[in-house]
Amino acid sequence: MRKARLVLDKDYVIAPIDKRIYGSFVEHLGRCVYTGIYEPGHPRADAQGFRQDVLDLVRRLDVPIVRYPGGNFVSGFRWEDSIGPAADRPKRLDLAWKTTEPNAVGLHEFADWAKKAGSDVMYAINLGTRGPAQAQNVVEYANHRGGSYWSDLRAKNGSPDPFNIKLWCLGNEMDGPWQMGSKTAYEYGRIANEAAKMMKWTDDSIEVVACGSSAFTMPTFGEWEYTMLSECYDNVDYVSLHRYYGNPHNDTPDFLASTMDLDAFIRTVASICDAVKGKKHSKKQVNLSLDEWNVWYHSNQQDQELHKREPWGTALPLLEDVYNFEDALLVGLMLITILKNADRVKVACMAQLVNVIAPIMTRPGGGAWAQTIFYPLQQASRYGRGKSLLPQMTSEKADTKHYTDVPFVDAAATLAEDGSVTIFAVNRDLQEAAELACDLRAFGTFREATHSVLHHDDVKAVNTEDAPDNVRPIDVKLDWKDGRVILPAASWNVIRLVK
Ligand code: AHR
């Protein structure tokens, strides 16, 4: 049995948790929108064509904010194509994903869908092929009360009330050569600054996210953040981080250690923000938006073949990773890492929401089901609200191929307003259970203690439409008296101590 110890105190707080860390992402990519959230004619579609079976699953995830409409897609997108009568909207080639965008779902429809889902919209503007003027126009269209060209057009198009979109992305992955209109850090910093200024002059209640590096591994990483922030620091609120992991060589211990990299990535970007703050003698703190994160690798080969066979289609099954149990463990570890960095990470969006590297899958004309990775996100979103507590952890450790001193047990803890504590813990050891000794003396007694475990004997086990519950959490008996909890080998655990 592995040994680990966790000490918590209600006065040792990392930060209040911004609920937007449980955000998600809907891109006009593959089947995320078309046959994902939207499928007119489906037996469960509502009058607007939105699948209610998908909405039910989204509501179970309790997603506070959804990034939209891309992604790589946004860097060639003309937002005006997505408004007005749907029948008059142009079909456009999307160069990012080599598909054809019908624009059947646009800004108004997505705002309606988000309302139905109980989510806010985080809207990305195009700073690839377009610039500050078009960015200003869409803010005026979405948020101005009326009495101007763009806001009156919104009313004419059926929405007299503004959409009130509060969070905006200044483009997407602008450092990446694969991006339409990619830029140097200086070029991007300048255009982001001018766009942010004009957007905020139009609506001073909005916040904006500047593009950080598209990955920790980019050759320009670090220099990109420093240079672009030097140009736009005063006018931006967050820097974006994107991070995906995979297990292509089937080395599960190394894969599960990837969150050591995520933690270093987050801390490094926060340090660079602070370095620019120092250089500028600024009092303002720029925080982080981890607005794309997940496991992504299962579908790579399949996508290459599909693109060769069928370029320029609509609703092609792209990026359809089928997630297994070990992916759910990594997602749990990523959520733990996000919670432990709650002082800097204020927004995080699992990429994406439906079909495209997603917790929810659908079959056109058929069912909708939860993939393995749905469950850690659902439980964290449901119970991980309030304050993030500083977890004083000790755990036995081991080395993996790329990481040293990887703790077998990793954990985060949250304190809800009513005094209840939730501990999220993963045992990375694939063979041995771990005993987690929890020291929570300062909290007094709890009315109820529960323990939910996500485990499967086969780390490659998946959920399918026919077997949707193959991998799902189950409640196990917990005798809390001495604070000792057994975490099964290879498990995601949610321990709830209710006041
Ligand atoms: O989420 C899939 C893609 O990954 C996004 O479009 C892009 O921003 C990232 O490279």
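Biologist: What pLDDT do local features need?

Modeller: Residues are numbered from 1 along each chain as its sequence is written, and side-chain values use heavy atoms, with hydrogens and water left out. This is a predicted model, in which totals for chains, interfaces and linings use all residues, side-chain atom pairs count only at pLDDT 80 or more, and local features need pLDDT of at least 70.

Biologist: What is omega for the cis peptide bond between alanine 351 and glutamine 352?

Modeller: Glutamine 352 belongs to the loop between strand S12 (345-351) and strand S13 (360-362). A cis peptide bond also joins tyrosine 68 and proline 69, with omega about 0°. For alanine 351 and glutamine 352, omega is about -5°.

Biologist: How many residues surround the ligand?

Modeller: A residue is counted if one of its heavy atoms lies within 4 Å of the molecule. The closest are Glu27, Asn172, Glu173, Tyr244 and Glu292. The number of residues surrounding the ligand is 13.

Biologist: How far is a polar side-chain atom of glutamate 292 from an oxygen atom of the ligand?

Modeller: Polar contacts are pairs of N or O atoms within 3.5 Å; within protein, one atom must be able to donate a hydrogen and the other to accept it, and residues adjacent in sequence count only if both atoms are side-chain atoms. A side-chain N or O atom of glutamine 352 is 3.0 Å from a ligand oxygen, and a polar backbone atom of asparagine 72 is 2.9 Å from a ligand oxygen. For the side chain of glutamate 292, the distance is 2.6 Å.

Biologist: Why is H6 called oblique to H8, and at what angle do they cross?

Modeller: Axes are lines fitted to C-alpha atoms, for helices over the stretch in contact, with angles from 0 to 180 degrees between N-to-C directions. Angles under 35 degrees count as roughly parallel, over 145 as roughly antiparallel, 65 to 115 as roughly perpendicular, and the rest as oblique. H6 (residues 223-232) and H8 (residues 259-279) come within 9 Å, and H6 is oblique to H8 because the crossing is roughly 40°.

Biologist: What is the handedness of the crossing of H3 and H4?

Modeller: The axes of H3 (residues 132-143) and H4 (residues 149-156) come within 7 Å and cross at roughly 50°, and the two helices are therefore oblique to each other. A crossing is left-handed if the near helix is turned anticlockwise from the far one by less than a right angle, and right-handed if clockwise. H3 passes H4 in a crossing that is right-handed.

Biologist: Which residues of H11 make the contact with H1?

Modeller: The axes of H1 (residues 52-61) and H11 (residues 374-383) come within 8 Å and cross at roughly 55°. Contact means heavy atoms within 4.5 Å. From H1 the contact uses Leu57, Arg60 and Leu61; from H11 it uses Phe374, Tyr375, Leu377, Gln378 and Ser381.

Conventions:
Helices (H or I, at least four residues) and strands (E, at least two) are DSSP runs, numbered from the N terminus.
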